[in-house]
Amino acid sequence: MPSLLGAVATLAVFSIIPTAFRAPTYLTLVDPCAKIAGKTFSAPADALACMKSYPFNETLRQNVLTVISRVFDFYTFEYYYFNSRPSFQNARTNIRAEIARINRTHYATDFDFNKDVYDFTTWLNDGHTRWYPNCYMQFQNLLPAPVVTLEQDGQQNVFVAPDITELIPLLGREFTDSLDSIGFDWQRIAGAKVLEIEGLDAYAYAQRIAETETGNFLDLGVRINSAFSSYRIAGTNFSQRFGDISGPPFPTQTDLTMKLIPVNSTKAETVSVPFVANYLGKPFTDSKNFWTLNCAANSDTNGIDRKKSQYSRLDKSSIDMEKMLAKAFIFDVSTQNAVGLPSRFEPTLPPVNGSEGVIKSFILPDNKTGVMFVGSFRPDDFFQFQRDVHAAVAQFQREGVSQLLIDVTNNLGGFICLGDFLHVFLTGSKSLGKFPNPGFQSTNRANTLARKILASDIELGITSKISFYPADNWAFLENNTEMPPARNYMQPPSSRIIKGQMFVESQRLLDDCPFVVEIPEEPRFAPDKIAIIGNGNCASTCAMFSILMNERHNTTIAVFGGKPGLPMQFKGMAGNQVLEWSDIDSEIKTADLKGDPLAPPDLLVSGNFRHNWRIAYSFLDEQVPIVEYKSQLPHFRFPYTSDTYNNPQNLWIFA
């Protein structure tokens with residue numbers, strides 16, 4: 001790959017992009033960004049014109065591709081994309097060949113280049129490993145007709161969500177006024193049966209979106225379910241997700257053509273439903289200002305030497321911790337403008353203790369079933385999550401609850417140790433038997449630069465307080481005790497052949513988790529009295545938690561929704577720890593290796609190339625990473641109905 005790194009290293013962002021503001025010949029004299037400045041909602045074509053106002057720049061291409069290529073050296077699943085295994089059946093790409101293709105492709109605009117890189121990483125179907133160009137992630141397209149899959153009269157079909165008359169107004173008057181201004185009657189199609197979308201059967205269109213735009217999850221069935229609207233917890237509140245059909249991240253579509261039958265009608269009609277672009281970023285005035293705020297690298301883009309400023313850029317949950325906190329989660333851009341769940345669908349049952357954060361817990365009317373809706377493993381307060389679980393379970397037991405339903409719908413992961421905590425707190429330490437760690441065995445990729453980082457950390461006396469590589473982040477496989485920071489767990493490394501390629505990895509590691517709540521020896525509920533439900537969009541830490549409960553305790557698991565007749569797993573992507581671009585860059589800088597020829601340069605633009613940094617190995621087969629499973633099907637699968645698709649309380653009572 002050609003490289004301009006020598007020049008790139010000395011250039012400031014604005015010294016390399018002045019042509020972005022010279023009104024190239026393919027632009028009009030009117031600044032397209034100024035046209036939509038100050039607007040929360042705009043026509044997708046206008047939003048796209050703003051983003052396409054920056055011409056392609058070769059220096060930026062070389063910078064971005066060099067960062068991506070060198071970060072891929074740390075990626076644990078690279079070789080699985082060679083002649084993909086069954087679980088990778090929809091992953092389209094040979095990673096290095098795709099980077100080479102992008103490097104020789106002609107692009108008219110910087111947007112076109114970044115969208116191609118985004119699509120390439122999307123098609124890996126691994127939400128842990130994606131390029132997010134912040135410049136072009138500032139808009140979300142919203143369709144005032146989110147769709148759902150429902151069973152009626154024994155048959156499943158796609159419908160416009162019946163609750164849009166209550167949901168859409170939650171976006172505000174500016175949104176509904178924009179629809180009124182073009183004369184679109186969105187209320188008339190509430191609950192309509194959708195026969196076709198863009199000329200395809202409605203389920204076939206959902207599958208096309210799953211195969212080309214959703215990404216994030218290896219399983220096709222889970223990705224299709226992600227295309228539909230569903231309930232979730234966003235922040236600490238109940239919310240309704242539009243779904244990937246109706247809430248894509250780029251304003252590249254102006255409308256969606258649906259063939260549908262409105263409620264109280266038997267006649268099919270074709271309706272062109274307009275998209276509206278929702279701006280999510282900081283207020284801007286023109287193209288130059290938009291670039292400065294959203295596109296140019298800023299103080300948060302790249303990593304830091306944590307030896308010099310240990311706490312200035314750490315997650316606030318890590319402050320005052322004895323060690324860094326490992327995370328595994330997937331981004332969902334729709335959480336930036338999360339719309340509340342219409343009030344009549346929120347649970348009417350009184351919440352139990354510990355329901356102020358990302359967990360919402362209730363006791364069902366039978367007075368014997370407790371529900372714990374775990375919306376995320378990524379709370380603002382790592383330890384408060386543990387206290388909330390303890391408080392909820394304590395109240396369940398005081399009130400005679402004998403069985404527990406755990407809802408993980410749209411839980412996209414979070415702190416790995418919180419998944420381990422929930423597992424062992426519910427099942428008891430005695431249930432772990434001869435393998436007393438509540439998590440998985442894991443490894444990271446022992447490439448040449450990774451081995452240099454660990455060796456340098458040892459030489460510099462760096463510990464888990466400021467870095468993820470030092471050994472005191474982990475516990476010994478043999479006795480589950482913390483490793484000393486001076487241990488080099490990559491010497492000797494381990495190796496195995498994956499698709500004809502030699503994969504070199506570290507020795508086996510165990511997570512060493514800080515718990516402030518006492519772990520009981522005995523289970524809080526009988527193993528056969530715990531069940532997990534969800535929609536398959538249970539990713540990362542959530543997926544690992546569900547697999548732990550399934551593998552070690554045979555917990556009953558049920559999923560809702562999906563395409564009829566197509567299998568759907570109970571979890572999304574189950575890798576292990578994820579490092580953001582600023583994380584791996586900080587690891588390199590903290591180890592004094594930024595000048596190493598294998599080290600990636602600083603990004604010149606605002607963006608994030610995250611990657612799956614660790615592999616988790618199956619409890620049942622310690623030679624098999626959990627991501628390799630051909631199938632992890634639920635014990636039960638149910639369709640959504642008009643009573644349950646967006647009403648968590650009704651769904652819990654049914655379950």
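1. The model is a predicted one. The protein chain has a mean pLDDT of 91, and 91% of its residues reach 70 or more. Two stretches call for separate mention. Residues 1-28 stay under 50 in pLDDT, and the model has 52 contacts for them beyond four places in sequence. Residues 312-319 also have a pLDDT below 50, with 19 contacts in the model beyond near neighbours in sequence.

2. Helix 9 spans residues 173-181, and its buried residues are F175, T176 and L179. Viewed down the axis of helix 9, these buried residues fall within an arc of 90 degrees and therefore line one face of the helix. An α-helix has 3.6 residues a turn, so residues three or four places apart point the same way. The exposed residues R173 and S181 are carried on the face of helix 9 turned away from its buried side.

3. The cover over the buried residues of helix 9 includes strand 1 (41-42), strand 3 (139-142), strand 11 (269-274) and strand 12 (276-279). Just after helix 9, G183 adopts a positive phi of about 75 degrees.

4. An open sheet is formed by three strands in the order 1-12-3, with antiparallel pairing. Strand 1 and strand 3 stand at the edges with a single partner strand each, so one side of each lacks a neighbour in the sheet.

5. Between strand 1 and strand 12, the antiparallel pairing runs over two bridges. S42 is placed opposite A277 in strand 12.

Key. Residues are numbered from 1 along each chain as its sequence is written. This is a predicted model: local features need pLDDT of at least 70, side-chain atom pairs count only at pLDDT 80 or more; totals for chains, interfaces and linings use all residues. Side-chain values use heavy atoms; hydrogens and water are left out. Buried means under 20% relative accessible area, exposed over 50%, partly exposed in between (1.4 Å probe, protein chains only). Helices (H or I, at least four residues) and strands (E, at least two) are DSSP runs, numbered from the N terminus. The arc is that of the directions from the helix axis to the C-beta atoms. Contact means heavy atoms within 4.5 Å. pLDDT is the predictor's confidence in each residue, from 0 to 100. Two strands pair if DSSP finds at least two bridges between them.
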